[in-house]
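This report describes a protein chain for a reader new to structures. Keep the sequence and the model in view while reading.

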Amino acid sequence: MRSARSNILRSFLLFGFLPMVVMACATPQTPLVVLEQKAEHEYDYKRWEKASEYYAEIVERDPGNKMAQFQYGVSLMKSGAYSKAEGPLLTAHALDPGNDDIVIALAEVMDHLGEHTKLFAMLKDRAADNRSSAIWMVVVDYSEKRDDYDSALEAVRNACAVDNGEDARPYYRAAVLLGKIGQSDEAIRRLRQAYAIDPNNEEVNALLVEYGEVPGPTLGLAPGR
């Protein structure tokens, strides 16, 4: 009888004590707002690996957080984990399809992964749909990187066509490309268009002088394709 009472007492103590142990060992989740602050701090200081660790937990708990998905992808990309970066960037793009920064980051990842067909299709669709001079210039960058001057020139012509004469850079870039393939007359025409937009642009003026042109009020040409 005494033994039975002893067993009951031990059982009571054991099962009464276990919940206390479990409660003592359980660690409450860090609030998302705290995780986001830590992640942004690491991101701002370019500590990419640590930032990606925080963002991994954030997107696991809050997959609809478009900024966290984007910065998680960028952190992985900057850490050299390109194959891992593509997923969160694609998710960010689906959540925020109007964000050019996400598209540009995705293009960089695709370039490193050798996904050039996907890269150019994405960029050209984006540039055409949004009539975006800036995205056409990204197409120029990747085309020139692959020594595809036909595609680069087509892209820079499109950039000039949709720019509405607000930015001299597409015209200057066109002139540089044209100079590389020996089309001096067309390069000068593009420089004169750039000059009309921004007559104080030092790069434009320097290249005009190299071509023997004298910058002045009558040199500019109307912008456009």
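## Terms and model

Contact means that heavy atoms lie within 4.5 Å. Helices (H or I, at least four residues) and strands (E, at least two) are DSSP runs, numbered from the N terminus.

This is a predicted model, in which local features need pLDDT of at least 70 and side-chain atom pairs count only at pLDDT 80 or more, while totals for chains, interfaces and linings use all residues. Residues are numbered from 1 along each chain as its sequence is written, and side-chain values use heavy atoms, with hydrogens and water left out.

## The chain as a whole

The protein chain has 12 helices and zero strands. Read from the N terminus, its elements run α-α-α-α-α-α-α-α-α-α-α-α.

The chain has 225 residues, and 39% of them count as buried. Buried means under 20% relative accessible area, exposed means over 50%, and partly exposed lies in between (1.4 Å probe, protein chains only). Among the contacts in the chain with a separation of 6 or more, 49% are between residues 24 or more positions apart.

## The nonpolar core

A nonpolar core is a set of buried Ala, Val, Leu, Ile, Met, Phe, Trp, Tyr and Cys residues joined through side-chain atoms within 4.5 Å. The largest one here has 58 residues. Within this core, Tyr55, Phe70, Val74 and Leu123 have the most contacts.

Which residues does Val74 touch, not counting those up to four places away in sequence? They are Tyr43, Trp48, Leu89 and Ala105.

## Helices α5 and α6

Helix α5 covers residues 82-95 and helix α6 covers residues 100-112. Their axes come within 9 Å and cross at roughly 150 degrees. Axes are lines fitted to C-alpha atoms, for helices over the stretch in contact, and angles run from 0 to 180 degrees between N-to-C directions. Angles under 35 degrees count as roughly parallel, over 145 as roughly antiparallel, 65 to 115 as roughly perpendicular and the rest as oblique. α5 and α6 are therefore roughly antiparallel to each other.

The crossing of α5 and α6 is left-handed, a term used if the near helix is turned anticlockwise from the far one by less than a right angle (clockwise gives a right-handed crossing). On the α5 side, the contact is made by Tyr82, Ala85, Glu86, Leu89, Leu90, Ala92 and His93. They meet Ile102, Val103, Ala105, Leu106, Val109, Met110 and His112 in α6. By class, this contact of α5 with α6 has 11 nonpolar, two polar and one charged residues. Here Ala, Val, Leu, Ile, Met, Phe, Trp, Tyr, Cys and Pro count as nonpolar, Asp, Glu, Lys and Arg as charged, and the others, Gly among them, as polar.

## Helices α7 and α8

The axes of helix α7 (residues 116-130) and helix α8 (residues 133-145) come within 8 Å, crossing at roughly 155 degrees. α7 and α8 are therefore roughly antiparallel, and α7 passes α8 in a left-handed crossing. In α7, Leu119, Phe120, Leu123, Lys124, Arg126, Ala127 and Ala128 take part in the contact. Their partners in α8 are Ile135, Trp136, Val138, Val139, Tyr142 and Ser143. The residues of this contact of α7 with α8 divide into 10 nonpolar, one polar and two charged.

Leaving aside neighbours within four places in sequence, Ser143 is in contact with Phe120, Asp148, Ser151 and Ala152.

## Helices α10 and α12

α10 and helix α12 (residues 202-210) pack at an angle of about 35 degrees, with axes 10 Å apart. Their crossing is left-handed. Tyr172, Ala175 and Val176 in α10 meet Glu203, Val204 and Leu207 in α12. The residues of the contact of α10 with α12 divide into five nonpolar, no polar and one charged.

## Individual residues

Lys46 has a positive phi of about 60 degrees although it is not a glycine. Lys46 lies in the loop between α2 (32-44) and α3 (48-61) and is exposed, with a relative accessible area of 57%. Asn164, also not a glycine, has a positive phi near 65 degrees. Asn164 is found in the loop between α9 (149-163) and α10 (169-180), and is exposed at a relative accessible area of 62%.

Ala161 is in helix α9 and is partly exposed, with a relative accessible area of 31%. Ala161 and Arg225 are 64 residues apart in sequence but 4.5 Å apart in space, C-alpha to C-alpha. Not counting residues up to four places away in sequence, Ala161 touches Arg131 and Arg225.
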